[in-house]
Amino acid sequence: MLLSVWLLAGLAPAGANEPNRPEAARSEVSRYEARVNALLSSPETWQKARQDGKKAAFFCANCHGEAGVSTLGHVPNLAGQNPVYLMTQIQKFGDGRRRDDFMSGLIKVLKEEDRLNMAIYYGALDVRPTPAKNPRLAREGQLHYRRACLGCHGQQARGGRDIARLAGQQKPYLMDSLKKYRSRAEGRSDRVMSSIAAKLNDEQIESLAEYLSSLP
Ligand code: HEC
Ligand code: HEC
């Protein structure tokens with residue numbers, strides 16, 4: 001049975017790279033992390049969470065794809081994403097800190113247990129990267145990534161804990177997200193990411209997305 005990298009990344013102790021987050025956000029993350037770790041602690045509870053999560057996620061497949069790999073560029077892949085990150089984003093949609101016409105209404109009807117099971121189900125699915133169409137642009141993106149992003153999103157862009165995996169994500173979605181952070185769009189801004197994205201121009205954003213979407 002595959003133990004994706006998120007499992008290792010997700011369980012790693014918070015390191016020196018942990019961004020300086022407000023206290024409330026840290027305690028929310030710790031609470032989800034404890035619940036995720038409890039479900040991952042034995043093969044039986046992990047297996048059950050994945051099965052229940054798969055059932056609860058049948059409707060999500062319409063947009064996020066059968067195996068968590070979306071066929072719509074503006075809809076993010078959920079496969080291989082860190083479960084604690086997924087859980088924090090689901091909660092954010094649920095309480096209005098993050099907003100999207102469709103996601104916000106949908107998530108409100110789900111119980112916390114379903115949310116956790118879905119996060120675990122999606123986190124265990126395989127990532128499917130898209131080969132870079134423009135290798136020169138991707139190389140530029142790699143340089144920007146190493147300079148400005150690697151410290152938090154990790155050497156291989158696989159994130160960890162509440163930090164998003166970016167490797168293999170849809171290119172249009174990555175670009176949209178960075179532009180939303182940059183403009184501090186209502187419904188998607190973040191203290192840390194918005195100040196980082198503020199320093200990126202459109203070309204840098206495109207090169208980063210070209211590079212990141214091609215990573216396994
Ligand atoms: C009608 C299409 C649609 C359906 C159905 C849908 N989603 Fe989404 N989902 C989206 C879009 C679009 C976004 C990106 C929104 C944004 O840009 O903020 C998204 C974002 C997300 C994210 C954030 C991912 C990230 O990388 O930050 C999570 C988690 C998520 N959806 C989970 C779910 C779950 C669980 C279900 C089923 C209960 C579901 N979605 C059903 C369209 C959909
Ligand atoms: C100080 C730590 C830190 C740095 C440096 C950082 N990020 Fe982030 N990033 C985060 C956190 C935390 C989140 C989750 C924010 C949220 O909840 O919306 C995030 C979220 C994202 C997302 C949204 C992912 C998704 O699935 O929706 C993208 C895209 C992203 N970062 C790209 C980048 C890029 C590109 C860089 C470098 C230019 C970068 N980040 C640098 C901490 C960081």
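Q: Into which domains is the protein divided?
A: In this predicted model, domain 1 covers 5-14 + 23-123, and domain 2 covers 135-213. Taken over C-alpha atoms, their centres are separated by 20 Å.

Q: How many residues of domain 1 and of domain 2 are in contact?
A: On the domain 1 side there are 24 residues, and they are in contact with 18 residues of domain 2.

Q: What area do domain 1 and domain 2 bury between them?
A: The size of an interface is often given as the accessible area lost when the parts come together. Here domain 1 and domain 2 bury about 1800 Å² between them. Carbon and sulfur atoms account for 44% of that area.

Q: How many salt bridges are there between domain 1 and domain 2?
A: The count is one salt bridge. Arg-99 forms a salt bridge with Glu-186, with 2.8 Å between the closest N and O atoms.

Q: How many residue pairs are in polar contact between domain 1 and domain 2?
A: Twelve residue pairs are in polar contact, counting pairs with both residues at pLDDT 80 or more.

Q: Which helices supply at least two residues each to the side of domain 1 that touches domain 2?
A: They are α1 (5-11), α2 (23-40) and α5 (83-95). Of the elements on that side, α5 gives the most, with five residues.

Q: How do the residues of the side of domain 1 that touches domain 2 divide into nonpolar, polar and charged?
A: On that side of domain 1, nine residues are nonpolar, ten are polar and five are charged.

Technical notes: Residues numbered from 1 in each chain as written. Chains lettered and ligands numbered in written order. Predicted model: local features only at pLDDT ≥ 70, side-chain atom pairs only at ≥ 80, totals over all residues. Heavy atoms only, no water. Domains from an automatic or database assignment. Contact = heavy atoms within 4.5 Å. Buried area = accessible area lost by both parts, 1.4 Å probe. Salt bridge = Lys/Arg side-chain N within 4 Å of Asp/Glu carboxyl O. Polar contact = N/O pair within 3.5 Å; in protein donor to acceptor, adjacent residues only side chain to side chain. Helix = DSSP H or I, 4+ residues; strand = E, 2+ residues; numbered from the N terminus. Nonpolar A, V, L, I, M, F, W, Y, C, P; charged D, E, K, R; others polar.
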